[in-house]
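Have the viewer open while you read.

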Amino acid sequence: MPADTRTLANAVRALSMDAVQAANSGHPGMPMGMADDATVLWTEYLKHDPADPAWPDRDRFVLSAGHGSMLIYSLLHLTGYERPTLEDIRGFRQLGSPCAGHPENFLLDGVEATTGPLGQGVAMAVGMAIAERHLNAEFGDDLVDHRTWVIAGDGCLMEGVNHEAAGLAGHLGLGRLNVIWDDNRITIDGGTDLSTSEDIEARYAAYGWHVTRCDGLDADDVRRAYDEALADPRPSLIACRTIIGYGAPNKQGTAATHGAALGEDEVAAARAELGWEHPAFEIPAGILESWRQAGRRSQGAHADWKARLAASNQGTEFSRRMAGALPESFSLSDYIQGLVDEPQKMATRKASELALGAINAQLLETIGGSADLTGSNNTKTKDQNPLTKDDYSGRYLYYGIREFGMAAAMNGMALHGGVIPYGGTFLIFSDYCRPAIRLSALQQARVIYVMTHDSIGLGEDGPTHQPIEQLMGLRAMPNLHVYRPADAVETAECWELALREAATPSVLALSRQNLGQLRHKATENLCAKGAYLLRDGGEGRRVVLLATGSEVALALDVADALDERGVGADVLSMPCWERFDAQPDDYRAELIPEDALIVSIEAGATLGWERYTGRAGLNIGLDRFGASAPAADLF
């Protein structure tokens, strides 16, 4: 006989408390409280196929409350995904186990997004829902017709990024997005009444969402609420009133179940309370088979979808985009040749706009946007129409003043697949985006951040808007390529590199002020090596000048002045540290030799340049805040 919903849910509760207990570390309360809601979702509503976790038209499930990671690990195992195995779950939170403390998308198929920093899961889900509607508008219901489901906790809904993302979702009318709120009213410090008294449901209604409520421990009431959400054209918030740690008789409903193992005695008491008589990590065959049958529930829909894909005249293009591959014909060579033929003096933000004109015409998967700075970031090209709730086919998003929400949504779009998102703001506001940029890097998501007004060169707006430490802070982040091009040619080269990096996000740091064109020959992509020799100091070379962006032209002027004094100087343009650091030792040693004075020039913090200039080198930059004045006066 198929197991009933509560019995299936108790399998989730048992695995969760056993794994946390074995690790003596973790969060058992959320999985135990949300087990019924998640069981109904995964066995009756979620469209997925454990035999093919990458099925493009699967529903996306995001566990925004990532601290409750044993919930998704249990669900993946029980429904029949290849991993995690039971042994993986036994190794929860241990070195080498894919069952990390928080879900990591690069460790397990079926984990759509890396979560744990609260609120970002909801925001990434908004991006996934945007991508789904956009691709549906282009490829139709036959190929793209799925939903995005989220389980979020009280903390997710408190975080500021939740406000940004939920407001955007309501504005865009993303009716395929359903957020299931684990309304257990407990945080680490204790009851939520210690820190908040807002009416969350009214807030979401004000965003333009459909809102419903249910008893999260009553499967029939949960089904009613899910059905309501599916029937409503708006994004839905489903408030599920739950009890954290449900089943642990002495600790449920308290913060004691939030972030620590229950303890052997309480685990035993919970087994008795739940009527779960099986040993730790043991799932009876009948219960497991009921779960596995539920995991196979969408195989028919998957087979039908494959048949539609094979019959579609758009199938090849759709598959290419979902695979993240660029067209074989994609190239910026003709565009760069045009720059060489007709050199121009322009800000690199303008050069970026011109490069995007060539890019967007070739790559129909790009979706641009800006956090209310379109005219300053130069992120919109003439052929881009707005993406709105009335026209999801548009390729440009007006994010409003939501830098963090924009960055997190772009992560979700990239993780969904089929689109390449880029978005703009001022470099100083990368601080607002930074937590999402970090998740871009950690999740290996191809997101391109267009960060303009990159130095004191922005001028009169003054020190609040002039970046000083931002470049170095971003360069310190693993798996992030930070590009600071010196002219229009380098800008185009950096754009092409960013687009070809399928598993690495990029930041383009671009100038407000006009810069002369320094490159006058069509060559291979010189920026690909991160740094290259722009001016050869000759046999009398005694100095090597390293510079980025707007300071490369200054370095060339310095080299000319030194040459007049009989001192030869090489000039290296160094648009991307990360790429230079990845070059062979002999290439790096050739460019930065030991027998020369090494000097760095960059209009920002000097911290970090010592790795190239050495202790005996010179680091010319700005280690204090800027000022409000015309750019030329500031320089």
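This is a predicted model: local features need pLDDT of at least 70, side-chain atom pairs count only at pLDDT 80 or more; totals for chains, interfaces and linings use all residues.

Let's start with strand β17 (residues 597-601), which is joined to β18 by 3 bridges, the two strands running parallel.

Now for another sheet. This open sheet has 5 strands in the order β1-β2-β3-β7-β6, and the pairing here is parallel. Its edges are β1 (60-63) and β6 (210-215); each has a single partner strand, so one side of each is left without a neighbour in the sheet. Neighbouring strands are turned by 20 degrees against each other on average, ignoring direction. Inside this sheet, β2 (residues 148-153) and β3 (residues 177-183) run parallel and are joined by 6 bridges, and Trp149 stands opposite Asn178 in β3. Helix α9 (residues 219-231) packs on the sheet, where it touches β2, β3, β6 and β7 (236-241). The direction of α9 makes about 170 degrees with that of β6.

Next up is strand β8 (residues 366-370). Is it buried or exposed? Of its 5 residues, 5 are buried, so β8 is largely enclosed by the rest of the structure. In a regular strand, side chains alternate between the two faces of the sheet. Here both faces are covered: Thr366, Gly368 and Ser370 are buried on one side, and Ile367 and Gly369 on the other. As for partners, β8 pairs in the parallel sense with β10 (residues 420-426) over 3 bridges, and it also pairs in the parallel sense with β9 (residues 396-398) over 3 bridges.

| Residue | Stands opposite |
|---|---|
| Trp149 | Asn178 in β3 |
| Thr366 | Ile420 in β10 |
| Ser370 | Tyr398 in β9 |

On to a helix pair. Helix α1 (residues 5-23) packs with helix α10 (residues 264-274) at an angle of about 170 degrees, and their axes are 11 Å apart. That angle makes α1 roughly antiparallel to α10. On the α1 side the contact is made by Asn10, Arg13, Met17, Asp18 and Gln21, and on the α10 side by Glu264, Val267, Ala270, Arg271 and Leu274. By class, that gives 4 nonpolar, 2 polar and 4 charged residues.

Gln21 of α1 is worth a zoom. Gln21 is buried, with a relative accessible area of 15%. Leaving out residues up to four places away in sequence, Gln21 touches Ala261, Leu262, Gly263, Glu264 and Val267.

Finally, the cysteines. How many disulfides does a search of the whole structure find? The search finds 0. Take Cys576: the closest cysteine sulfur is in Cys494, 7.3 Å away from its own sulfur, which is too far for a bond. Cys576 is buried, with a relative accessible area of 0%. Cys99 is buried as well, with a relative accessible area of 0%.

Notes: Residues are numbered from 1 along each chain as its sequence is written. Side-chain values use heavy atoms; hydrogens and water are left out. Axes are lines fitted to C-alpha atoms, for helices over the stretch in contact, and angles run from 0 to 180 degrees between N-to-C directions. Helices (H or I, at least four residues) and strands (E, at least two) are DSSP runs, numbered from the N terminus. Angles under 35 degrees count as roughly parallel, over 145 as roughly antiparallel, 65 to 115 as roughly perpendicular and the rest as oblique. Contact means heavy atoms within 4.5 Å. Ala, Val, Leu, Ile, Met, Phe, Trp, Tyr, Cys and Pro count as nonpolar, Asp, Glu, Lys and Arg as charged, and the others, Gly among them, as polar. Two strands pair if DSSP finds at least two bridges between them. A disulfide is a pair of cysteine sulfur atoms within 2.5 Å. Buried means under 20% relative accessible area, exposed over 50%, partly exposed in between (1.4 Å probe, protein chains only).
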